[in-house]
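Biologist: Can you walk me through this model? I'd like to go bit by bit.

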Amino acid sequence: MHNRLRELREEKGLTQEKLAKALGVTRQTIIAIEKGRYDPSLRLAFKIARFFGLKIEDIFIYEGDEDARRG
């Protein structure tokens with residue numbers, strides 16, 4: 001899954017630390033999400049979307065696996 005978290009955070013002029021505090025998570029969580037190493041829980045995904053005033057699918061892009069796309 002890809003995401004636009006870093007792009008959106010930078011557009012608002014926020015540091016990873018400030019975004020983490022606003023969402024109630026650690027800076028390491030924000031780093032991991034931005035690097036695509038961690039997919040947030042549904043609850044956190046909703047919090048992020050609400051924070052930026054967007055839909056979850058505007059931030060997180062699920063590409064699925066190759067077999068699902070072929071069938």
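**Rings and a helix**

Modeller: Lys-12 lies over the face of Phe-51, at 6.0 Å from the ring centre. Such a charge has NZ of Lys or CZ of Arg within 6 Å of the ring centre and within 35 degrees of the ring normal. This is a predicted model: local features need pLDDT of at least 70, side-chain atom pairs count only at pLDDT 80 or more, and totals for chains, interfaces and linings use all residues. Residues are numbered from 1 along each chain as its sequence is written, and side-chain values use heavy atoms, without hydrogens and water.

Biologist: How many aromatic pairs does a search of the whole structure find?

Modeller: The search finds 1. The ring centres of Phe-51 and Phe-52 are 5.0 Å apart and the planes are at 85°, so the pair is edge-to-face. Rings of Phe, Tyr and Trp (its six-membered ring) pair if their centres lie within 6.5 Å; planes under 30 degrees apart are stacked, over 60 edge-to-face, the rest tilted.

Biologist: Is Phe-52 buried or exposed?

Modeller: Phe-52 is buried, at 11% relative accessibility. Phe-51 is partly exposed, at 31%. Buried means under 20% relative accessible area, exposed over 50%, partly exposed in between (1.4 Å probe, protein chains only).

Biologist: New topic. Which residues are buried in helix 4?

Modeller: In helix 4 (residues 42-52), they are Leu-44, Ala-45, Ile-48, Ala-49 and Phe-52. They cover an arc of only 140° around the axis, so they share the same side of helix 4. The arc uses directions from the helix axis to the C-beta atoms. Helices (H or I, at least four residues) and strands (E, at least two) are DSSP runs, numbered from the N terminus.

Biologist: And which residues are exposed on the other side?

Modeller: Leu-42, Arg-43 and Arg-50.
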